[in-house]
Amino acid sequence: MASTAAGKQRIPKVAKVKNKAPAEVQITAEQLLREAKERELELLPPPPKQKITDEEELNDYKLRKRKGFEDNIRKNRTVISNWIKYAQWEESLKEVQRARSIYERGLDVDHRNITLWLKYAEMEMKSRQVNHARNIWDRAITILPRVNSFWYKYTYMEEMLGNVAGCRQVFERWMEWEPEEQAWHSYINFELRYKEVDQARTIYERFVMVHPEVKNWIKYARFEEKHGYIAHGRKVYERSVHFFGEDLVSENLFVAFAKFEETQKEFERVRVIYKYALDRIPKHQAQELFKFYTMFEKKFGDRRGIEDVIVNKRRFQYEEEVKASPHNYDAWFDYLRLVENDADPDTVREVYERAIANIPPIQEKRHWKRYIYLWINYALYEELEVKDPERTRQVYQASLDLIPHKKFTFAKIWLLYAQFEIRQKNLQGARKIMGTAIGKCPKNKLLKGYIELELQLREFDRCRKLYEKYLEFSPENCTTWIKFAELETILGDNERARGIFELAIGQPRLDMPEVLWKSYIDFEIEQEEFGNTRNLYKRLLQRTQHVKVWISYAKFELSIDGSDRLRKCRVIFEEANKGMRSCEEKEERLMLLEAWKEFEKEFGDETAMDRVRKLLPEKVKKRRKLTADDGSDAGWEEYYDYIFPEDAANQPNLKLLAMAKMWKRQQVVPEGEEGEEEDEDEGEGPEDMEKSAENSPQKPREKPEENSPQNSPKKSAEKSPQGSSESSPENSPKKSPMAEDTATKTTAKTPPQESSNAEIEMETQSEKEKDSDKNTANGTGKPQTFDDRDDSNSSSSSGSSSSGSESESGSDSSEESDGEKEAKKSKKKSGGKD
């Protein structure tokens, strides 16, 4: 290698790998991809919230948002969703001109994007810019005339505006492109809505030429018939027959033409049409034609003259079908139905024997379900039509010998066979058949059918034995236990019925235990054994603490006549409330309290009502994170939760939220704006009262907080941002009774540093804009809260779960009296003066 003194560069040596053995820990490509994916799913902390108090900050916020949107567009101009989000954000700020400019820039990038055109036009329609919307629709249908959604929305807009002529003009422009059939029907329906029948006829003439199909000609003719133009309708049918000729003729056209003439009582014309069609249409394509021709002749013509020919043709067709597919049992049913109507018994038997010879090749019940009806129809035909009992018995026996009862069976066959024997007055044979069925293949349906049979025969001892067999076979079937007990009740043996119920509820596994317990309780109530009923309720409550059981128990005690029935009912409600405090289903606990409330409302006094009201929970809205099946983040969802006053663990959070909200609402305004503040309070609508009530949770009036405003008003003023001297509760000014009553409903003001821990959840974007406009107009200068995140819905999804709960916490106290408002205003003024 040359030296550096000679002016040449030194070439570095290539590193040599000495150890070429594989590493102990191998990193696969799958692992690299998975780690990269996990890094993408890491949740970043939410951006800080920003309070905007003046126009300059608002403009700065808008500038940052616009810069973010522009950066996204600059990164990838072809992503149309970025343009749409940008424009919709500007539209939400009522910056229609800016949104319009963004849409135009987006169309310059991709003028064939359908969604972009639709969003653009919808924005103009929302802004009531009709001419702008028309301009956009015109451009859209000019550039993309094959997009039907543009035409539909354009015509709908014009019709809603009452511009009938303009709408018709748009339809005409649309029809020049010869669109799909639904577009033509929309045009026709539009004309019919304005009673323009001649215009609709003209459109139909063009329609059947653009889409020359049989169904469209039939619709045209029915349109003429519907509006009373019979001659026009007949002429349309005749034109359609000549139009299609003999090569493209369809049976549906002739069937519709014949039905039209039949409604006009032109029976000779109907017959001529059918014969004309049968001569020109191939037989394998004229099935519907044969069917309707036969129906017509049965109603109005010579039945024997035509049916012989039709039946022979149909029999030939069915023969071809069953030869091609011998296991097509539907074809055999149709064939048998045909021969049963017109053939002699020997011919019918021959067809039945051929049909039942095609046994399903697989021994699975789903393959035998259609086949078994061939045997049933065969037996019924022999019994009802031929009246041959012996042959009927042979058919039933042969079918039972054929079915593989070890794998599956059909209870219908056994029951039909037994009922047949009863009709033949062979009771012993019927019992033998049912006994064989239960012995070979016991099923629920078989046991039920046998029990019903013996009940009809009034053989109650046999019914008892059958019920015992049934319960041995299926002890978890609650319906059987109930029916067995009902039988004993009807027979007057109440002790046996009670014993059956006791055995039933003692089973380790039941399919419907709630139904069984209810039947047992109803049985004891019917027998007026109220002590046993109470014991049953107590035993049931040891197994389950379901709210419906408690409510039913309370209603039962209420229904019993007695001097202390109300006390017993109230005691049950109290026990239920105590027992369900640990219940995770808060809706059930609320259901119990609502039932208790209804009871006290009807039977109790005001003191009892107040006691129940204090137990009622507050309904709060919360948010929780959703996780998909694969463990990924599926977003957030809002749900309603209930906070019960008895749950002491929830009280500190509620107090903190209430104090934070009250501090925010009771901030002292400047002296020059006191009048405006009072006016706003006086003009508070139902929505504002509801918002204010959401942030004031219910508290007991008897025990106010030690640091509450009603005990130390000067101390609360001391904690305000303005600050004031300390004073003891004894030196506080006296309040009027109304003001004191109002003060009991409010909570103490929280200092700013405490309120930051309970930040109220921000409002939605549209509500912020309304409040911003209102505050600017009134000059109140109240701060607004905006979110720095790009997503327009982030403001509604941000915030802690406690702030979501606080938004609904005071829904029960949404209205205040006028005296309470006056007391609040006087309190605000006195605080401002201090």
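Guide: E181 is buried, because its relative accessible area is 17%, and buried means under 20%, exposed over 50% and partly exposed in between, using a 1.4 Å probe and protein chains only. The model is a predicted one, in which local features need pLDDT of at least 70 and side-chain atom pairs count only at pLDDT 80 or more, while totals for chains, interfaces and linings use all residues. Residues are numbered from 1 along each chain as its sequence is written, and side-chain values use heavy atoms, with hydrogens and water left out.

E181 belongs to helix α9. Helices (H or I, at least four residues) and strands (E, at least two) are DSSP runs, numbered from the N terminus. If neighbours within four places in sequence are set aside, E181 is in contact with F207, H211, E213, K215 and N216, where contact means heavy atoms within 4.5 Å.

Helix α9, residues 181-193, packs against helix α10, residues 197-210, at an angle of about 170 degrees, and their axes are 9 Å apart. Axes are lines fitted to C-alpha atoms, for helices over the stretch in contact, and angles run from 0 to 180 degrees between N-to-C directions. The angle therefore makes α9 roughly antiparallel to α10; angles under 35 degrees count as roughly parallel, over 145 as roughly antiparallel, 65 to 115 as roughly perpendicular and the rest as oblique. On the α9 side the contact is made by E181, W184, H185, Y187, I188, E191 and L192, and on the α10 side by Q199, A200, I203, Y204, R206, F207 and V210. These residues comprise nine nonpolar, two polar and three charged (Ala, Val, Leu, Ile, Met, Phe, Trp, Tyr, Cys and Pro count as nonpolar, Asp, Glu, Lys and Arg as charged, and the others, Gly among them, as polar).

Y187 also belongs to an aromatic cluster, together with W151, Y152, F171, W174, F190 and Y194. Rings of Phe, Tyr and Trp (its six-membered ring) pair if their centres lie within 6.5 Å; planes under 30 degrees apart count as stacked, over 60 as edge-to-face and the rest as tilted.

The structure holds 39 aromatic pairs. One of them, Y237 with F260, is tilted, at 5.4 Å centre to centre and 45 degrees between the planes. Y237 lies in helix α12 (residues 230-244) and F260 in helix α13 (residues 251-263), so this pair ties together parts that are 23 residues apart in sequence. Y237 is buried, with a relative accessible area of 2%, and F260 is buried with a value of 2%. The pair of F573 and W596 is stacked, because the ring centres are 5.9 Å apart and the planes are at 5 degrees. F573 is part of helix α31 (residues 565-579) and W596 of helix α32 (residues 586-603), so here too the joined parts are 23 residues apart in sequence. Both F573 and W596 are buried.

Finally, the chain as a whole. It has 43 helices and four strands, and 39% of its 834 residues count as buried. Among contacts between residues at least 6 apart in sequence, 54% join residues at least 24 apart.
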